[in-house]
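Okay, hi everyone, thanks for coming.

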Amino acid sequence: MPQFFNKKLLLLLVSIIVLVALIGFSLKEREELTWPEQFLKDTTGWVGNVFNKPVSGITGFVGGLKDLQHTYDENKKLKARLDEYVLLKTQVQDLKEENDEFRDNLKKEDDLRKYSSIQSTVIGRNPDRWNEMLTINKGKRNGVEKNMAVIKSNVLVGKVKSATDFTASVQLLSSIDKANRVSAIVQGDKAYGLIEGFDDKRNLLLMKRIPYDKKIKKGSTVITSGYGGIFPKGLLIGKVVDVKVDQYGLNQTAYIEPATDLYDINNVMVVQREVGGVADESDGEDEVE
């Protein structure tokens with residue numbers, strides 16, 4: 001037994017000495033390696049390369065998923081902020097337009113010393129008669145009466161068709177109604193006529209009964225003439241964009257682009273002409289305005 005143990009111990013010591021010698025030999029700087037070293041090195045490198053590619057691929061894939069999730073979360077937050085920005089921008093634009101209307105109305109009110117004025121807000125509009133009628137939140141209790149002029153900022157948009165105690169119906173200039181007439185004048189050209197009718201295809205008012213010999217320039221301003229006893233003189237209506245002679249050659253029709261958007265009306269001012277400091281009480285529906 002001791003002899004067997006000694007042989008084992010001796011073999012172990014020899015193996016350790018050989019291993020240390022090989023390690024020392026391998027650590028020496030040499031240009032050429034022995035074939036066992038080359039084989040061992042190549043085998044180790046190949047095995048490392050085989051395992052390195054899948055591991056690198058999986059690591060890159062996982063990292064890519066994390067980056068994609070992060071990008072998705074960032075885009076989601078940015079989209080939410082963009083939606084909030086668009087909503088805020090719309091609200092600011094609406095408030096700005098409403099504020100401009102009030103400012104224009106107040107500014108105009110300083111000049112309305114020849115007629116009374118009543119601030120009001122549009123509360124109703126029938127989709128089937130959008131270009132004809134609208135309802136405002138002021139009525140007889142507020143001094144609103146039939147045939148009063150209705151303006152938006154400093155532009156004529158129509159007249160009061162009827163009134164109750166608390167509301168009133170306004171007939172717009174764009175209403176297709178032969179009885180809806182406004183006496184007007186083309187500034188500079190001194191041409192008188194009647195705003196009578198509406199071209200719904202071109203969204204233009206029709207100024208009819210202009211004498212054939214009047215030279216009407218495109219771009220000329222059209223205002224109320226003040227004749228007829230209802231509408232005050234000098235309210236802005238629009239500008240001339242086209243002129244045509246009727247089939248008999250006796251009169252002309254001017255196509256007028258409204259000075260304000262009759263499709264989009266939110267706040268208006270009801271005004272009544274004053275004669276000698278007293279509001280004109282004319283109520284003739286058949287009277288030319």
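Let's start at Tyr192. Its relative accessibility is 37%, so this tyrosine counts as partly exposed. Keep in mind as we go that what you see is a predicted model.

So what does Tyr192 pair with? A search of the whole structure finds two aromatic pairs. In one of them, the rings of Tyr192 and Tyr227 have centres 5.7 Å apart, and their planes sit at 25°, so we call that pair stacked. Tyr192 belongs to strand 7, residues 191-199, while Tyr227 is in the loop between strand 9 (221-224) and strand 10 (236-245).

Where do the two residues sit? Trp130 is in the loop between strand 1 (115-124) and strand 2 (133-136), and Tyr263 is in the loop between strand 11 (251-258) and strand 12 (267-275), so the pair ties together parts that are 133 residues apart in sequence. Are they buried or exposed? Tyr263 comes out at 55% relative accessibility, so it counts as exposed. Trp130, at 28%, counts as partly exposed.

There's one more ring to show you. Arg202 lies over the face of Tyr255, 4.9 Å from the ring centre.

Next, have a look at Asn180. You'll find Asn180 in the loop between strand 5 (168-172) and strand 6 (182-186). With a relative accessibility of 4%, Asn180 counts as buried, because the cut-off for buried is under 20%. A polar atom of the Asn180 side chain lies 3.0 Å from the backbone oxygen of Leu172. Beyond the neighbours within four places in sequence, Asn180 is also in contact with several other residues, among them Lys159, Ile195 and Glu196.

Which residue does its side chain touch? The side chain of Ser183 makes a polar contact with the side chain of Ser225, at 2.5 Å.

Ser153 isn't a glycine, and yet it has a positive phi of about 60°. Ser153 sits in the loop between strand 3 (149-152) and strand 4 (155-163), and it is buried, with a relative accessible area of 11%. Asn203 has a positive phi as well, near 55°, and Asn203 isn't a glycine either. Asn203 lies in the loop between strand 7 and strand 8 (204-211), and at 47% relative accessible area it is partly exposed.

Okay, zooming out. The protein has two helices and 13 strands. Of its 289 residues, 31% are buried. If you take contacts between residues at least 6 apart in sequence, 58% join residues at least 24 apart.

Last thing: how far can we trust the picture? The average pLDDT is 77, and 63% of the residues score at least 70. Over residues 109-113, pLDDT stays under 50. Residues 276-288 also stay under 50, though the model has 28 contacts there beyond four places in sequence.

Note on methods:
Residues are numbered from 1 along each chain as its sequence is written. This is a predicted model: local features need pLDDT of at least 70, side-chain atom pairs count only at pLDDT 80 or more; totals for chains, interfaces and linings use all residues. Side-chain values use heavy atoms; hydrogens and water are left out. Rings of Phe, Tyr and Trp (its six-membered ring) pair if their centres lie within 6.5 Å; planes under 30 degrees apart count as stacked, over 60 as edge-to-face and the rest as tilted. Helices (H or I, at least four residues) and strands (E, at least two) are DSSP runs, numbered from the N terminus. Buried means under 20% relative accessible area, exposed over 50%, partly exposed in between (1.4 Å probe, protein chains only). A charge sits over a ring if NZ of Lys or CZ of Arg is within 6 Å of the ring centre and within 35 degrees of the ring normal. A polar contact is a pair of N or O atoms within 3.5 Å; within protein, one must be able to donate a hydrogen and the other to accept it, and residues adjacent in sequence count only if both atoms are side-chain atoms. Contact means heavy atoms within 4.5 Å. pLDDT is the predictor's confidence in each residue, from 0 to 100.
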